[in-house]
Amino acid sequence: MTENPTTTELPDAAATRPSVLFVCVHNAGRSQMAAGFLTALSGGAVEVRSAGSMPADQINPAAVEAMGEVGIDIRAEKPKILTTDAVKASDVVITMGCGDTCPFYPGKRYEDWVLEDPAGQGVAAVRPIRDEIRTRVLTLLGELGVEPVA
């Protein structure tokens with residue numbers, strides 16, 4: 001009688017990547033810009049999610065334009081509702097001005113990025129917010145041990 005050989009399953013690549021969830025109220029500006037930067041700058045080394053406690057019906061056009069200026073297209077992103085599953089699946093949860101509606105689950109790493117809300121502002125006002133988010137994302141990458149690709 002021949003025994004079946006033992007196989008060793010390789011770890012799922014997604015399971016070994018750190019995961020980050022960006023949460024703001026509308027998921028239409030700050031969190032979308034942060035997700036866009038983290039996706040681009042990590043080169044896929046980080047699993048990225050974004051959501052809102054009260055999502056808008058579209059991405060802020062000024063945020064889309066500001067991100068386009070730095071070569072990141074967030075037009076295809078749609079605002080998403082915050083779910084318990086998204087929080088539980090994330091290693092790091094970064095909140096941005098959602099106050100009491102932001103999630104909290106014990107055991108998660110939390111950060112609160114205090115940033116001006118780009119809602120209703122033109123692209124000139126959104127650019128400094130975008131640049132601050134980029135700086136914070138680069139710092140986050142360093143904390144996660146991920147080398148930026150660009």
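User: Why is Asn60 called buried?

Analyst: Buried means under 20% relative accessible area, exposed over 50%, partly exposed in between (1.4 Å probe, protein chains only). Asn60 has 12% relative accessibility, so Asn60 counts as buried. This is a predicted model, where local features need pLDDT of at least 70 and side-chain atom pairs count only at pLDDT 80 or more. Side-chain values use heavy atoms, without hydrogens and water.

User: What is Asn60 in contact with, leaving aside its neighbours within four places in sequence?

Analyst: Contact means heavy atoms within 4.5 Å. On that rule, Asn60 touches Ala28, Gly29, Pro118, Ala119 and Gly120.

User: What makes Phe22 and Trp113 an aromatic pair, and why is the pair called tilted?

Analyst: Rings of Phe, Tyr and Trp (its six-membered ring) pair if their centres lie within 6.5 Å. Planes under 30 degrees apart count as stacked, over 60 as edge-to-face and the rest as tilted. Phe22 and Trp113 lie 5.7 Å centre to centre, with 55 degrees between the planes, so they form a tilted pair.

User: How do you know that Arg30 and Asp117 form a salt bridge?

Analyst: A salt bridge is a side-chain nitrogen of Lys or Arg within 4 Å of a carboxyl oxygen of Asp or Glu. The closest N and O atoms of Arg30 and Asp117 are 3.8 Å apart, so the pair qualifies. The two residues are 87 apart in the chain.

User: Why is Arg30 called buried, and Asp117 partly exposed?

Analyst: Arg30 has a relative accessible area of 5%, so Arg30 is buried. Asp117 has 32% relative accessibility, so Asp117 counts as partly exposed.

How values were computed
Residues numbered from 1 in each chain as written. Helix = DSSP H or I, 4+ residues; strand = E, 2+ residues; numbered from the N terminus.
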